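Subject: Structure handover

Hello,

Here is the structure I promised you. Please open it alongside this note.

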Amino acid sequence: MPELPEIEAHAERLTDLFGGAELEKFTALSFTALKTFSPDPAEAVGSALGTVGRRGKFLLMPFGEVTFVVHLMQGGRLVVDEKQSLKPRFGLARWRFADGRALLLTEAGKERKAGIWVVSGDPVEQEPVDHLGVEADAVGRDELADLLASKNMRLHGWLRDQHYLAGLGRMLANEICHRAKLSPFAMTAKLTPDEIDRLHVAIGACIRDALGHERTLDAMSKSADRPGAVHRRKGQACPVCGDDIRAVEYSAYEVDYCPTCQTGGKILADNTTSKFLK
Ligand SMILES: [Zn+2]
């Protein structure tokens, strides 16, 4: 799933490409695409696209008073619609501009989870982004400490929970734990001040690195092509110490880590009663 850096760079690309273009027509191509009934998306017609923003993993596309809030989920992509065919493959919605160009929201696969919310006024105060936590790239060290103390759970799951920090997903959670030399299963309320310092630095550094890479690209990267140290690198050598990267595998994702760098050599198992968990 695209995370904060990919969404941020994509927002910048969309602003460069379509900022200032006047909306001529919005069309929902799939009945699952539009998550709101009011306001009518037609209220945005005649307004120009402002600076595309981001909140967590959501894109914010403002047209005057109306904002389209877009979540790409796993397979959604917001791309230049070159063909503008009647029934585009995987098409969920289209924004057609007065200059003849168009943007298309597509979603490959069968999941149909990507969505668009149309809101009037400040989008940050409204569904679906009003419940999101602090932006992960803006959280202060002490603020992070307070948030970690507020809920005692495994660090990897905590980093992915959008109520505490917004914008991180499976890849950054893996990379941040590795960069901070912390076990992905470390309990959040038990972290020491030194560990919280390392975590804070790692969050900033991992986001900065990923955003720097993403900004060099013309289109959003595929997750397999994103540079990293541990994410989906099970069996490969840790770039820091050379140990084998290990994985705890779940049905939908894996927690990847380096035992030497992160767990004092311990192998993690997904068993909440395991004595190996810390
Ligand atoms: Zn290592």
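Below is what turned up, starting with the metal site and moving on to the aromatic rings. Please keep in mind that this is a predicted model.

**Zinc site**

Which residues hold the zinc ion? The protein donors are the SG atoms of Cys238, Cys241, Cys258 and Cys261. They lie 2.2 to 2.4 Å from the zinc ion. The site is tetrahedral, with angles of 95 to 114 degrees among the 4 donor atoms. For reference, the ideal angle for four tetrahedral donors is 109.5 degrees. Along the chain, the donors of the zinc ion follow the spacing C-x2-C-x16-C-x2-C.

Look at Cys241 and Cys258 in particular. Cys241 is in the loop between α5 (193–214) and β11 (246–249). Cys258 is in the loop between β12 (254–257) and α6 (259–262). The pair therefore ties together parts that are 17 residues apart in sequence. Cys241 is partly exposed, at 36% relative accessibility. Cys258 is buried, at 0%.

**Aromatic rings**

The whole structure holds 9 aromatic pairs. One of them is Phe18 with Phe97. Their ring centres are 5.0 Å apart and their planes are at 25 degrees. Planes under 30 degrees apart count as stacked, so this pair is stacked. Phe18 belongs to helix α1 (residues 4–18), and Phe97 to strand β6 (residues 91–97). The pair thus links parts that are 79 residues apart in sequence.

Next come Phe26 and Phe68. This aromatic pair is tilted, with 4.9 Å from centre to centre and 40 degrees between the planes. Phe26 is in strand β1 (residues 23–28) and Phe68 in strand β4 (residues 66–71), so the pair ties together parts 42 residues apart in sequence. Phe26 is buried, with a relative accessible area of 13%. Phe68 is buried as well, at 0% relative accessibility.

**A charge over a ring**

One last item. The charged end of Arg154 sits over the ring of Phe185. The distance to the ring centre is 3.9 Å.

Best wishes

Technical notes: Residues are numbered from 1 along each chain as its sequence is written. This is a predicted model: local features need pLDDT of at least 70, side-chain atom pairs count only at pLDDT 80 or more; totals for chains, interfaces and linings use all residues. Side-chain values use heavy atoms; hydrogens and water are left out. Rings of Phe, Tyr and Trp (its six-membered ring) pair if their centres lie within 6.5 Å; planes under 30 degrees apart count as stacked, over 60 as edge-to-face and the rest as tilted. Helices (H or I, at least four residues) and strands (E, at least two) are DSSP runs, numbered from the N terminus. Buried means under 20% relative accessible area, exposed over 50%, partly exposed in between (1.4 Å probe, protein chains only). A charge sits over a ring if NZ of Lys or CZ of Arg is within 6 Å of the ring centre and within 35 degrees of the ring normal. Donors are N, O and S atoms within 2.8 Å of the metal (3.2 Å for Na, K and Ca); water is not among the atoms, so sites may look incomplete. Four donors count as tetrahedral if all angles lie between 85 and 135 degrees; four count as square planar and six as octahedral if opposite donors are over 155 degrees apart and all others between 65 and 115; anything else is irregular.
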